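Hi,

Here is the structure I promised to send over. Have a look, and my notes on what turned up are below.

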Amino acid sequence: MQQALEYARIMDIPFVYTSNGDGFVEHDKTGKSNPIEKEISLDNFPSPAELWSRYKDFKNIDTPETEKIVSQNYFFDRSGRSPRYYQSIAINRTIEAIAHGQNRILLVMATGTGKTYTAFQIIHRLWKSNTKKRILFLADRNCLINQTKRGDFKHFKDKMTIIRKHKIDKSYEIYLALYQGITNYNDDKDAYREFSPDFFDLVVVDECHRGSAASDSAWREILRYFNSATHIGLTATPRETRAISNIEYFGEPIYTYSLKQGIEDGFLAPYKVIRINIDIDSEGWRPEKYKLDNVGEPIEDRLYNLKDYDRTLVIEERTQTVGFRISEYLKATNRFDKTIIFCVDIDHAQRMRQTLINENPDLALENSKYVMKITGDDIEGKMELDNFINPEERYPVIATTSKLLTTGVDAQTCKLIVLDSNINSMTEFKQIIGRGTRINEEYGKHFFTIMDFRNVTRLFADPDFDGEPVQIYEPGPDDPPVPPDDPTEPDAGENEGTLIDPEPIGRINEPPTGGYPPEPFRKVYVSGVEVKIINERVQYLDSEGKLITQSLTDYTRTNVHKQFKSLDNFLQKWNEAEKIQVLVNELEDNGVLFHELSETVGKDFDPFDLICHVVFDQPALTRKERADNVKKRNYFTKYGEQAKAVLETLLDKYSDGGIENIESMNILSITPFDLYGTPVEILKMFGGRNQYLQAVKELEQEIYKAA
């Protein structure tokens, strides 16, 4: 029952039942039963009609009109797709809130959890029940509107239209529109005023953390104009600042589904964080006396830091260092993994594109779209956006951008997100990270990596919503911890309402003080500066779920030395262990992360060789090399043909999967051991169970014998 109650909490279910086959125990979470938990007979299990009646009483569904709204079915098509459990909760809570007269509703759902599909089901149920007859779906980017129409909303067919170029046709029922598409019609009148204020019954605001959040924004005027309609806000990142608030407008979220929960449920991809520190980022850079920029002008003599780089000061070698490190990572993993690089501005995105082309000349020559700048000012780049997010299209592979890809772009197969921008907003950070959270098993997308050159992952850690990162990638040479945190900059704000990157070439994205946009300035470009990576820290979790901040190899040495004082001590314990897997489990319990360590070393070593190599600096052999050495020694000749075949197969299993595969007798029940007979028959080949176990023990000794 306790387990079932936890499920019921997660799934938002008020009635819980357990059974032993002879009867039931009912737990009524509504609080309207006395007692709350009671036993009932098999014959007295409540009927669906009775449960529905009790549910209605619990939810105060007390009129035929209210019941009609909440009982309207979901949309189902031939694909068999249906809402996931958390989507059902969000949909049902929204429908029930509207049925009870609530007109301002906020849903918070992590990027990749299907907010648009959830919105479609809400709209469809309200529309089919005639509760809401004319609906406006608002977004702030063309790609979001087009994506919505082609995707989840396609079932509305000819009942739906997109408002384009301020042209209003009042004959439709479902309207998709950009904020910009229904404002600025002419100097005197916004296009949305072509509709009467009560024309729409429902307005759904996608990504409502953006323009609609600001109380004094022009976009909020649209919502005020259609004030009589029900307004639903959708966001992955509720925005709360001194001047801007979702909650102030929509109220507290009626449902929140976090990235952390999505990862735990298996719907969203877990993520790794790699933090890379460059010397001039950590220490700052001051020009030497008489240093000139690339056009021969003297450089202002002061200490420059991350806040300056690529905004007011461009150090060419820094860009090249970042581009080299990104390329090095892709070459070590997969050079065709979809990658988004977030840059400071459009100029930075262009320079990063050029650097990556020069770092990957073979692939750039093979296809000129291997690296593309996808920014609001670049028509060619924007035309490639659909190809970049399409899993079936190989090119573009790498997209350099500034702001255009931060929100709503459904990049299903993006495996690498690079942060080389001074992000100052939790909202923007979460939206950027959301580009990698989608899982696509068909294309091998199960996790993603964040490569952070600006320490922004340090500033915006939100374990309650996002969960903790995990790490399965090589951190490079052992490095000291990262330098002390830099002070957080003030929120740079967003250029509300624009369809292009808010940071034009040659402008600083400073908070507006007396007007917008900021004044132009001259960017300083300098070269001939020595730049190097001074350390690289990778975050990962230990066996207790705590975040480790030292290098993995140092961490492993520390934990192994707690248990084994020397190499001889380790070898003695290993050879004397009745079951090696038990010793391996003890090491794991003491904090040795064998899986992550194996990924770091990058070779097919088993736990024995990992410890010898990483902790005691001994030469190591792969599992295959150890298995081949056993075969070369003709060790099996002392056994009969059938027993020899069994041991050779056990050795192959060790080579493929490790020592745990041969220590359990359960392995005798699987293919290919069934070719030799049943487990009992196999044991008889060795003279019985004890003799078989002794043969396995001797095989292990042969495996770990010095070459």
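Tyr17 stands opposite Glu26 in β2. That strand, β2 (residues 23-28), pairs with β1 (residues 15-19) in the antiparallel sense over five bridges. Strands here are DSSP runs of E with at least two residues, helices are runs of H or I with at least four, and both are numbered from the N terminus; two strands pair if DSSP finds at least two bridges between them. The β1-β2 hairpin has three residues between the strands, and Gly21 takes a positive phi near 100° there.

Before the rest, some ground rules: this is a predicted model, where local features need pLDDT of at least 70, side-chain atom pairs count only at pLDDT 80 or more, and totals for chains, interfaces and linings use all residues. Residues are numbered from 1 along each chain as its sequence is written, and side-chain values use heavy atoms, with hydrogens and water left out.

Now the surface. Tyr7, Met11 and Ile13 make a nonpolar patch of about 280 Å². Patch residues have over 30% relative accessible area and no salt bridge, with nonpolar side chains (Val, Leu, Ile, Met, Phe, Trp, Tyr) joined within 5 Å and like charges within 9 Å. Met11 lies in helix α1 (residues 2-11) and is partly exposed, at 40% relative accessible area; partly exposed falls between buried (under 20%) and exposed (over 50%), using a 1.4 Å probe and protein chains only.

There's a negative patch too, formed by Glu586, Glu588, Asp589 and Glu660. Helix α21 (residues 580-589) gives the most to the negative patch, with three residues. Glu586 sits in α21 and is partly exposed at 38%.

Cheers

Methods: Accessible areas come from the Shrake-Rupley method with a 1.4 Å probe; for residues, only the protein chains shown count as cover. A salt bridge is a side-chain nitrogen of Lys or Arg within 4 Å of a carboxyl oxygen of Asp or Glu. Lys and Arg count as positive and Asp and Glu as negative; His and the chain ends are not counted. The place of a charge is taken as NZ of Lys, CZ of Arg, CG of Asp or CD of Glu.
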